[in-house]
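Try each task before you read its solution.

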Amino acid sequence: MAGIIAVYGLVASVLISGALSQPGTYSLYSGFVHMGAGWAVGLTGMAAGYCIGIVGDSNVRGYAVQPRLFVSMVLILIFAEVLGLYGLIVGLILNTRADNSVCS
């Protein structure tokens, strides 16, 4: 589950690095927008990983006692992982706002 959050960061970094290939046209505004996109993806990924770790630990211990908890355990882990997806969505929206012609 936590490996998908790393893929979110990889997607964001590839999209942001694509804007860096144009020499001389990268503005300060674009730099701050890309930094904000990276922070959005990174911090929500860290929060999602933390939630997955805590919820996964307690649910695995509960599953050892009661095997019927498996479906609810997976659902709760999916809800925890959605935090990282929200950060990716915000990062992608910010990445589309990083127009190099603004504040050049």
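**Exercise 1.** Is valine 33 buried or exposed?

*Solution.* Before starting, note that this is a predicted model, in which local features need pLDDT of at least 70, side-chain atom pairs count only at pLDDT 80 or more, and totals for chains, interfaces and linings use all residues. Residues are numbered from 1 along each chain as its sequence is written, and side-chain values use heavy atoms, with hydrogens and water left out.

Step 1: get the scale. Buried means under 20% relative accessible area, exposed over 50%, and partly exposed in between (1.4 Å probe, protein chains only).

Step 2: apply the scale. Valine 33 has a relative accessibility of 10%, so it counts as buried.

Step 3: Valine 33 sits in helix H2; helices here are DSSP runs (H or I, at least four residues), strands are runs of E (at least two), and both are numbered from the N terminus.

Step 4: look at the surroundings. Skipping neighbours within four places in sequence, valine 33 is in contact with Leu94, Arg97 and Ala98, where contact means heavy atoms within 4.5 Å. Isoleucine 16 is 17 residues from valine 33 along the chain, and their C-alpha atoms are separated by 9.8 Å.

**Exercise 2.** Find the salt bridge and say how far apart its partners sit along the helix.

*Solution.* Step 1: recall the idea. Side chains of opposite charge can pair when their charged atoms come close.

Step 1: search. The whole structure gives one salt bridge, and its partners are arginine 61 and aspartate 57, at 3.2 Å from N to O.

Step 2: look at the spacing. These two are four residues apart in helix H2 (residues 28–65), so about one helical turn separates arginine 61 from aspartate 57.

Step 3: check accessibility. Arginine 61 is exposed at 57%, while aspartate 57 is partly exposed at 41%.

**Exercise 3.** Classify the aromatic pair, then trace the nonpolar patch.

*Solution.* Rings of Phe, Tyr and Trp (its six-membered ring) pair if their centres lie within 6.5 Å; planes under 30 degrees apart count as stacked, over 60 as edge-to-face and the rest as tilted.

Step 1: apply the rule. There's one aromatic pair in the structure. The ring centres of tyrosine 63 and phenylalanine 70 are 5.8 Å apart with planes at 55°, so the pair is tilted.

Step 2: Tyrosine 63 is partly exposed at 36%, and phenylalanine 70 is partly exposed at 44%.

Step 3: Patches take residues with over 30% relative accessible area and no salt bridge, joining like charges within 9 Å and nonpolar side chains (Val, Leu, Ile, Met, Phe, Trp, Tyr) within 5 Å. Areas come from the Shrake-Rupley method with a 1.4 Å probe, and for residues only the protein chains shown count as cover. The nonpolar patch covers about 770 Å², and its members include Met1, Tyr63 and Phe70.

Step 4: Helix H3 (residues 70–97) supplies the largest share, five residues. Methionine 1 is in the segment before helix H1 (2–18).

**Exercise 4.** What does UniProt list as "transmembrane region", and how helical is each span?

*Solution.* Step 1: read the record. UniProt's unreviewed entry lists residues 37–57 and 69–94; positions use the numbering here, feature names are shortened, and annotations may be inferred rather than shown by experiment.

Step 1: compare with the model. Residues 37–57 are 100% helix and 0% strand, with end C-alpha atoms 30 Å apart. Residues 69–94 are 96% helix and 0% strand, with end C-alpha atoms 39 Å apart.

Key: Salt bridge = Lys/Arg side-chain N within 4 Å of Asp/Glu carboxyl O.
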